[in-house]
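Please have the sequence and the model at hand.

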Amino acid sequence: MSRPEDLPAWSALEAHRDATADVSLTTLFESDPGRFDALQGEAAGIFIDFSKNHLTRSAAGAAGDTHALLVQLARESGVEEKRDSMFSGGIVNPTEHRPSLHTALRAPRDADIRVDGDNVVPAIHEVLDRVCAFADRVRSGEWLGFTGKPITDIVNIGIGGSDLGPLMATEALAPFLHDRLNLHFVSNVDGSHLVSTCKRVGPETTLFIIASKTFTTQETLANARSAREWFLESKAQTADVAKHFVAVSTNAEAVAEFGIDTDNMFGFWDWVGGRYSLWSAIGLPVVLGIGPENFRQMLSGAHAMDRHFVEAPLESNLPVTLALLTVWYTNFLGCTSHLIAPYDQYLHRFPAYLQQLTMESNGKSVHLDGSRVDVETGPIVWGEPGTNGQHAYFQLIHQGTHVIPTDFIVPLESLNPLGDHHELLLANCFAQSEALMRGKSPDEVRAEMAAAGTSAEEIERLVGHRTFPGDRPSNTITVQRMDPAALGALIVLYEHKVFTEAAIWDIAPFDQWGVELGKQLAKAVLADLVGGRTVTSHDASTNGLLNRATQKRNIQA
């Protein structure tokens, strides 16, 4: 193991940070007319302007070039070797002794990718073909419910990666959805989520997808059983469950016991992690919604970004560049969070998707060998659609005490042209990145207020409130239009960004042991909660909460 802070490039970056601490973004632009052309990149239909970042450029070599020093850190960290191991089926999930071959799910039919000596690509395409054939039957109206009516509503029941990926993708690609089919997603074990969904659909025309690899996920199975009870409370018989429930799972016995025909069970593999599973049969709701051809276009865009990540030199590699910027801000400039601001209403769930991808992957505090990490990892990721944010949380990123690197994401063409709406959208997006960089100085505020006829006394009273510090970094990411191929490439851009960060920090990005403890304790807490007796076996707070809940629920009953 090589701790990142022990690498020569790390020390060089610390010295470089100290030497360039007083250099502002506006100064960098004023002194370098070619900055925009030099600090940009394009691949797989994704363009990134990263010139509004605290990166110096120097013809003298790496010592004065921030990006070159960061690339040196990536090389010393073994990013290229770790990347190649992932793509070739190496054990890159060491705590579970597994490969992480979600990239194989996007590979073309003639690829050869081996796990334990077997080429997994034929099996991947066999499942994909089955998923697509099933989707065609539902979309065409051939698949009929128990009263002979075609399906109009699809309810996906899953949680985590079995919910958030398909939900995000179907929202992002809403203009491509089937006219007759309405998609719904139930993840929360709070009964309100399922009940409110069932109120919007009818049992005769609804198809439920139960997405659980093991078919034992507590929240998913609770929702699935209640959905089946709701279905059987109609005129349906037990045999009719098979016409209205399908599964994405590998547990054929449990699926059959539930009442689902195992011919309508679509499997995936242990080397597909939940938050990377959108490309597998977990994407069934997406295929049903946008159709097989569009889903294959999404896979094609994803594969194009895969090839860029594998083939492009680190210096011009887009996922690597974004990862290096995160390392720069997190470890050298003290930034603890990262804002995702999509200027596309259809991408309103994309920040939440990236929250899971980033924080479940890199929210780790030990190295691969189990020793403690002594540098910051995994920044907090958050965000909402940009124009809404301008009237809410943008106040903090402009004038708050935190410096928050921001990714602006915007399509150059709208899928719904309407007057000058898209021009206004683009103008706001580009203006926000400029405002974050430039800010507004006290002298500019004074001149502006004086020109408006404000008294000198009033100017001095308000100048501090109307000053913007500026010098706040951002990337601007554009696509031509947010179609399936572009979405596929955009998702994979961030997948490989997260992987590269983990490679530099020497942490394991493909496990999630941090989510397990709460699940384990919940089983014991549930037994105590339904036991109806005074509880003393937990800490004082948990005992008190359980006993209060039991008492108050009994009173209400």
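In which sense do E12 and strand E13 (residues 474-479) pair, and over how many bridges? E12 and E13 pair in the parallel sense, over six bridges. The model is predicted, with local features needing pLDDT of at least 70 and side-chain atom pairs counting only at pLDDT 80 or more, while totals for chains, interfaces and linings use all residues. Residues are numbered from 1 along each chain as its sequence is written, and side-chain values use heavy atoms, with hydrogens and water left out. Helices (H or I, at least four residues) and strands (E, at least two) are DSSP runs, numbered from the N terminus.

**The sheet**

- Six strands form an open sheet of mixed pairing, in the order E1-E2-E13-E12-E10-E11; two strands pair if DSSP finds at least two bridges between them.
- Strand E1 (40-43) and strand E11 (380-382) are the edge strands, each with a single partner strand, so one side of each has no neighbour in the sheet.
- Direction ignored, neighbouring strands of this sheet are turned by 15° against each other on average.
- Strand E2 (residues 46-49) runs antiparallel to E13, and three bridges join them.
- Thr478 in E13 is the bridge partner of Phe47, and Thr478 is also the bridge partner of Val410.

**Strand E12**

- Six of the six residues of E12 (residues 406-411) are buried, so the strand is largely enclosed by the rest of the structure; buried means under 20% relative accessible area, exposed over 50% and partly exposed in between (1.4 Å probe, protein chains only).
- In a regular strand the side chains alternate between the two faces of the sheet.
- On one side of E12, Thr406, Phe408 and Val410 are buried, and on the other Asp407, Ile409 and Pro411 are buried.
- Strand E10 (residues 337-342) pairs with E12 in the parallel sense over four bridges, and Ile340 stands opposite Asp407.

**Helix H21 and its partners**

- Helix H14 (residues 318-332) packs with helix H21 (residues 484-505) at an angle of about 50°, with their axes 8 Å apart; axes are lines fitted to C-alpha atoms, for helices over the stretch in contact, and angles run from 0 to 180 degrees between N-to-C directions.
- H14 and H21 are therefore oblique to each other, where under 35 degrees counts as roughly parallel, over 145 as roughly antiparallel, 65 to 115 as roughly perpendicular and the rest as oblique.
- Contact means heavy atoms within 4.5 Å, and the residues that meet include Leu318, Leu322 and Val327 in H14 and Leu493, Ile504 and Trp505 in H21.
- The residues of this contact between H14 and H21 divide into ten nonpolar, five polar and two charged; Ala, Val, Leu, Ile, Met, Phe, Trp, Tyr, Cys and Pro count as nonpolar, Asp, Glu, Lys and Arg as charged, and the others, Gly among them, as polar.
- Helix H15 (residues 350-362) and H21 pack at an angle of about 25°, their axes 10 Å apart.
- This angle makes H15 roughly parallel to H21.
- Among the residues that meet are Phe350, Tyr353 and Leu357 in H15 and Leu490, Tyr494 and Trp505 in H21.
- The contact of H15 with H21 holds ten nonpolar, three polar and two charged residues.

**Asp153**

- Asp153 lies in strand E5 (residues 153-157) and counts as buried at 7% relative accessibility.
- The C-alpha atoms of Asp153 and Leu207 are separated by 6.3 Å, although the two residues are 54 residues apart along the chain.
- Leaving aside neighbours within four places in sequence, Asp153 has contacts that include Asn182, His184, Arg200 and Leu207.
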